[in-house]
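Here are some notes for a colleague who is opening this structure for the first time. Please read them with the model on screen.

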Amino acid sequence: MLEFALEAANRPFAVAIGLMLAIAILEGVLALIGMGVSGFFDSLVPDPDVDLDAPQSDIQGSGPDVGDSIIGQTAPSSTNLPSRILGWLCIGKVPILILLVIFLLVFGVAGYIIQGIVSAVFGTMMPGSIAWLPALVVAIPIVRVCGEGFAKIIPKDQTSAVESSTFVGRVATITLGTAKRGMPAQAKLTDQHGLVHYVMVEPESESEEFGQGTSILLIEQSGSNFIGVPNTSSALTDD
């Protein structure tokens, strides 16, 4: 059995299962110390409710200060293909880490089952460079079905897609990299429920840089990233 699982033809599926286990273990360990990677994954994916092809005049204010964003407002109906795909996969309704774990598990198991059937019928397995495709075809609709199921049981106000707009005005701490204008870095913040989130942040000014450990105040959401300024008040913390 182990020999079959580690066959070169089954390498994509072994990697998928191994990655799924590694993510599960990492999330479990980090959860014990009050951290997590779910929010970080969510921050890398744009809100599927926002039309990524919408012209600037549709997503910015039309008043005197046209640069002000209208955080919390979304296009009523997105016609953007990537947005439709993300919405179809329930991204934005369910934390992306859950969907990723489901995908890796189903992709790996489906691949092994397909290879087992092919081996039993034809006496040999498909090359891994081909076998991944039918496994992917099987996995994607199952991810959607499972995502819809989780979306029904997970409170909507607990998903990062709903809560992301409330991060504006909160304090975050840079945890990885150096944030520069146009080059966001990872930052950690704690929401009103005491949950830890990881977001990507860049400074408001071209001349500013935020190094690791810098406390910043989030002042604006820009797509899936946030704009921040140095936190100069000792009364404001990310706890």
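How many salt bridges does the structure hold? The structure, a predicted model, holds three.

1. E148 and R144 meet through their side chains in a salt bridge, with N and O 2.9 Å apart. Both residues belong to helix α7, and because they are four residues apart there, about one helical turn separates them. Neither end is buried, since buried means under 20% relative accessible area: E148 is partly exposed at 34%, and R144 is partly exposed at 23%.

2. The pair between two loops. The side chains of K180 and E209 form a salt bridge with an N to O distance of 3.9 Å. K180 sits in the loop between β1 (171-176) and β2 (185-190), while E209 sits in the loop between β3 (196-203) and β4 (215-222), so this contact ties together parts that are 29 residues apart in sequence. A salt bridge is counted when the nitrogen and oxygen are within 4 Å, which is why a pair at 3.9 Å is included. As for accessibility, K180 is partly exposed, at 34%. E209 has a relative accessible area of 52% and is exposed, because the cut-off for that class is over 50%.

3. The pair between a loop and a strand. R181 forms a salt bridge with E202, and their closest N and O atoms are 3.7 Å apart. R181 lies in the loop between β1 and β2 and E202 lies in strand β3, so the pair ties together parts that are 21 residues apart in sequence. Is E202 buried or exposed? E202 counts as buried, at 11% relative accessibility.

4. A cysteine in the helix. C146 is located in helix α7, which covers residues 128-153. Its relative accessibility is 28%, so C146 counts as partly exposed.

5. Points to check on screen. In helix α7, look for E148 and R144, about one helical turn apart. In the loop between β1 and β2, look for K180 and also for R181.

How values were computed
Residues are numbered from 1 along each chain as its sequence is written. This is a predicted model: local features need pLDDT of at least 70, side-chain atom pairs count only at pLDDT 80 or more; totals for chains, interfaces and linings use all residues. Side-chain values use heavy atoms; hydrogens and water are left out. Buried means under 20% relative accessible area, exposed over 50%, partly exposed in between (1.4 Å probe, protein chains only).
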